[in-house]
Amino acid sequence: MNNLLAYSDYLVAFLVLTGALFMMIGSWGLVKLPDFFTRLHAPTKASTLGMGATLLGSLIWFSLSDGSLRIHELVISLFLFLTAPVSAYMMGKAALHRNRPVIERTQDKELAARAARQEGISK
Amino acid sequence: MKRLLPMPWHSVMLLLVWLLLNGFSYGHLFLGAFLAWLIPVLTYTYVRGHPPVKRPLKMLVYILRLLKDIVVANVDVARRVLMPNRLLQPGWLAYPLSLSEAFPATVLASSVSLTPGTVSVEFSSDRSCLYIHVLHLEDAEALTGFIRQRYEQPLKEIFGC
């Protein structure tokens, strides 16, 4: 049992550090990416994985030190995965209808105008 | 019966989660049971009419694959964030939807937002088209095909529509 605890320390440290790394990259992306829509990608993706890894580390740590499985972290991750795409969708939608500028080399830029008019596919 | 206990499985799930979160005691059993009854009664109106999950096992496979894809997509986005901006080729994509029901389309839009470097931004008003912003667009055809066979086809089977 002691051996298991020692190994789990490494696993927990790895998960928490990976989580922190991804959250940092997500926040860095929020600052350095060129326009609103590209910035939307960094927090919805990198931070989701970062939170997931950190929560998994916390789950393992507290489950082993308490000796019983804890599901708080699982529930938090579930809510995170459910809400992250919804908030990204709402922000993207708001930016689209307010005509936020995109960088020059964005491909198929005319699609943004069609999306703002909620046009279907022309048959 | 239908009005008193509209979603029995949801009620059981809610009670279980409540007890797992709070620890078992008779007080929590009572409070949890009350909430497990109240919440489905209040929310039933919004859920009614959605197509039910017809293939629960396929749903499980879908969720596991989605989790794996989330990890892969996250590493990919993190790599693109660390690369210089001038290498980035963002783009818009109009994805032709063949799912028409509201709930499966929402699941698809959320999956797309969580995975391959894409964020769903808007539906067309007739729900024939999902507009997606792509962080790094190389081949629009290939991406459309990928979303179609990896997410939309399985969802159609799961919800049987």
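**Figure 1. Chain A, a chain of helices, with 32% of its 123 residues buried.** This is a predicted model, so keep that in mind for every view here. Chain A has four helices and zero strands. Follow the sequence along and you get the pattern α-α-α-α. Now look at the contacts in chain A between residues with a separation of 6 or more: 63% of them link residues 24 or more positions apart.

**Figure 2. Chain B, with both helices and strands.** Here you can pick out five helices and three strands. Starting from the N terminus, the elements come in the order α-α-α-β-α-β-β-α. How does chain B compare with a compact globule? Its radius of gyration is 20 Å, while the globule rule gives 15 Å for 161 residues, so chain B is more spread out than a compact globule. A box around the C-alpha atoms of chain B, taken along the principal axes, is roughly 60 × 35 × 25 Å. Buried residues account for 31% of the 161 residues in chain B. As for contacts within chain B between residues at least 6 apart in sequence, 68% of them join residues at least 24 apart.

**Figure 3. The two domains of chain B.** Domain 1 covers residues 8-47, and domain 2 covers residues 56-159. How far apart are the C-alpha centres of these two domains? They lie 33 Å apart.

**Figure 4. Where chain B meets chain A.** Chain B brings 38 residues to this contact, and chain A brings 41. On the chain B side, at least two residues each come from helix H1 (8-22), helix H3 (56-82), strand E1 (91-96), helix H4, strand E2 (118-123) and strand E3 (129-134). Which element of chain B gives the most to this side? That would be H3(B), with eight residues. Sort the chain B residues that touch chain A by type and you find 24 nonpolar, twelve polar and two charged.

**Figure 5. Zooming in on two helices, one from each chain.** Two packed helices are described by the angle between their axes and the distance between the axes. Here the pair is helix H3 (residues 72-97) of chain A and helix H4 (residues 102-114) of chain B, which pack at an angle of about 90° with their axes 9 Å apart. Angles of 65 to 115 degrees count as roughly perpendicular, and H3(A) and H4(B) are therefore roughly perpendicular to each other. From H3(A), the residues making the contact are Phe81(A), Ala84(A), Pro85(A), Ala88(A) and Tyr89(A). Facing them from H4(B) are Ala109(B), Ser110(B), Ser113(B) and Leu114(B). What kinds of residues meet here? Seven are nonpolar, two are polar and none is charged.

Figure 6. Is Thr118(B) buried or exposed? Thr118(B) counts as buried because it has 27 C-beta neighbours inside 10 Å, and 20 or more is enough for that label. Leaving out residues up to four places away in sequence, Thr118(B) touches Val112(B), Ile132(B), His133(B) and Val134(B).

Note on methods: Residues are numbered from 1 along each chain as its sequence is written. Chains are lettered from A and ligands numbered from 1 in the order in which they are written. This is a predicted model: local features need pLDDT of at least 70, side-chain atom pairs count only at pLDDT 80 or more; totals for chains, interfaces and linings use all residues. Axes are lines fitted to C-alpha atoms, for helices over the stretch in contact, and angles run from 0 to 180 degrees between N-to-C directions. Angles under 35 degrees count as roughly parallel, over 145 as roughly antiparallel, 65 to 115 as roughly perpendicular and the rest as oblique. Two residues are in contact if their C-beta atoms, placed from the backbone, lie within 7 Å. Ala, Val, Leu, Ile, Met, Phe, Trp, Tyr, Cys and Pro count as nonpolar, Asp, Glu, Lys and Arg as charged, and the others, Gly among them, as polar. Domain bounds come from an automatic or database domain assignment. The radius of gyration is taken over C-alpha atoms; the globule rule is 2.2 Å times the number of residues to the power 0.38. A residue is buried if 20 or more other C-beta atoms lie within 10 Å of its own, exposed if 12 or fewer, and partly exposed in between; C-beta atoms are placed from the backbone.
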